[in-house]
Amino acid sequence: MTEAWNELWSSRGGMAVRELCRTTGRGSRRIETLFREHVGIPPQTLSRIIRFQYALKLPSRDYRSLAELAAMSGYHDQAHMNRDFRTLSGYTPGNYAISWTPT
């Protein structure tokens, strides 16, 4: 389980379950079961959370647009990032940044 966690974390959530299985030598059902038992969520959900956290931690000076932030954070495109932001925080990336900006 530690190996699978480390692989997923080091890829910043960008590793597909198929690749995780190949890397660890375990089947997809076993990977799913291990993640549910030890983490409480499937690896796909954990991947989304890891990417989301990474996007939140990137300083705004490191990217010029939300599309660039999406690419740097491991999302397929900006729409993919927007969906995860809305699902995980209730905000779009732009609204999230505005809502947490100190006044």
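Helices are DSSP runs of H or I with at least four residues, and they are numbered from the N terminus. In this predicted model, the elements of the chain follow the order α-α-α-α-α-α-α from the N terminus on.

**Overall dimensions and packing**
- The C-alpha trace of the chain spans about 50 × 20 × 20 Å along its principal axes.
- Of the 103 residues in the chain, 31% are buried.
- Where contacts join residues at least 6 apart in sequence, 41% of them link residues at least 24 apart.

**Surface and charge**
- The side chains of the chain include 14 positive and 9 negative ones.
- The centres of these positive and negative sets lie 3 Å apart.

**Arg-12 and its loop**
- Arg-12 is located in the loop that runs between helix H1 (2-10) and helix H2 (17-24).
- The phi angle of Arg-12 is near 55°, which is a positive value in a residue other than glycine.
- As background, most residues other than glycine have a negative phi.
- Arg-12 has a relative accessibility of 36% and therefore counts as partly exposed, since that class lies between the buried limit of under 20% and the exposed limit of over 50%.

Note on methods
Residues are numbered from 1 along each chain as its sequence is written. This is a predicted model: local features need pLDDT of at least 70, side-chain atom pairs count only at pLDDT 80 or more; totals for chains, interfaces and linings use all residues. Side-chain values use heavy atoms; hydrogens and water are left out. Helices (H or I, at least four residues) and strands (E, at least two) are DSSP runs, numbered from the N terminus. Buried means under 20% relative accessible area, exposed over 50%, partly exposed in between (1.4 Å probe, protein chains only). Contact means heavy atoms within 4.5 Å. Lys and Arg count as positive and Asp and Glu as negative; His and the chain ends are not counted. The place of a charge is taken as NZ of Lys, CZ of Arg, CG of Asp or CD of Glu.
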